[in-house]
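Hi,

Here is the structure we talked about. My notes on packing and charge pairs follow below.

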Amino acid sequence: MSTWFKDDANPQLLAEAKQIAWEFLERSGEIDDPGEVNQFLIGKIEQMIGQGQRNKLALSNRAIAAFQEYRRARTIELALVSR
């Protein structure tokens, strides 16, 4: 049986973890495109919930770290393209 259960996602857990991550990124000035950040956080947190993670602080911290890494990679890629 697969560990990916889309209907197993807890909407309250998803909302709380996303809110924690959003507030951190907002305070640190890392949100340049709110729609993109929102989609990224929801996707990443849903993925982790689907894998069985239920700790909202772990979810939010891992989503923050993943977004920061994504943003660094995106910045590097844009810098290389514009050369």
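Setting aside neighbours within four places in sequence, lysine 18 contacts Asn38, Leu41, Ile42 and Ile45 (contact: heavy atoms within 4.5 Å). This is a predicted model: local features need pLDDT of at least 70, side-chain atom pairs count only at pLDDT 80 or more, and totals for chains, interfaces and linings use all residues. Residues are numbered from 1 along each chain as its sequence is written, and side-chain values use heavy atoms, without hydrogens and water.

Lysine 18 sits in helix α1, residues 11-27 (helices are DSSP runs of H or I, at least four residues, numbered from the N terminus). Lysine 18 is buried but has no salt bridge. Buried means under 20% relative accessible area, exposed over 50%, partly exposed in between, with a 1.4 Å probe and protein chains only. A salt bridge puts a side-chain nitrogen of Lys or Arg within 4 Å of a carboxyl oxygen of Asp or Glu. For lysine 18, the nearest side chain of opposite charge is glutamate 23, 9.3 Å away.

The whole structure has four salt bridges. Among them:

- Lysine 56 pairs with glutamate 16, closest N and O atoms 3.2 Å apart. Lysine 56 is in helix α3 (residues 56-81) and glutamate 16 in α1, so the pair ties together parts 40 residues apart in sequence.
- Aspartate 32 pairs with arginine 74 at 3.0 Å between the closest N and O atoms. Aspartate 32 is in the loop between α1 and α2 and arginine 74 in α3, so this pair links parts 42 residues apart in sequence. Arginine 74 is buried at 19% relative accessible area; aspartate 32 is partly exposed at 46%.

Best wishes

Methods: Helices (H or I, at least four residues) and strands (E, at least two) are DSSP runs, numbered from the N terminus. Lys and Arg count as positive and Asp and Glu as negative; His and the chain ends are not counted.
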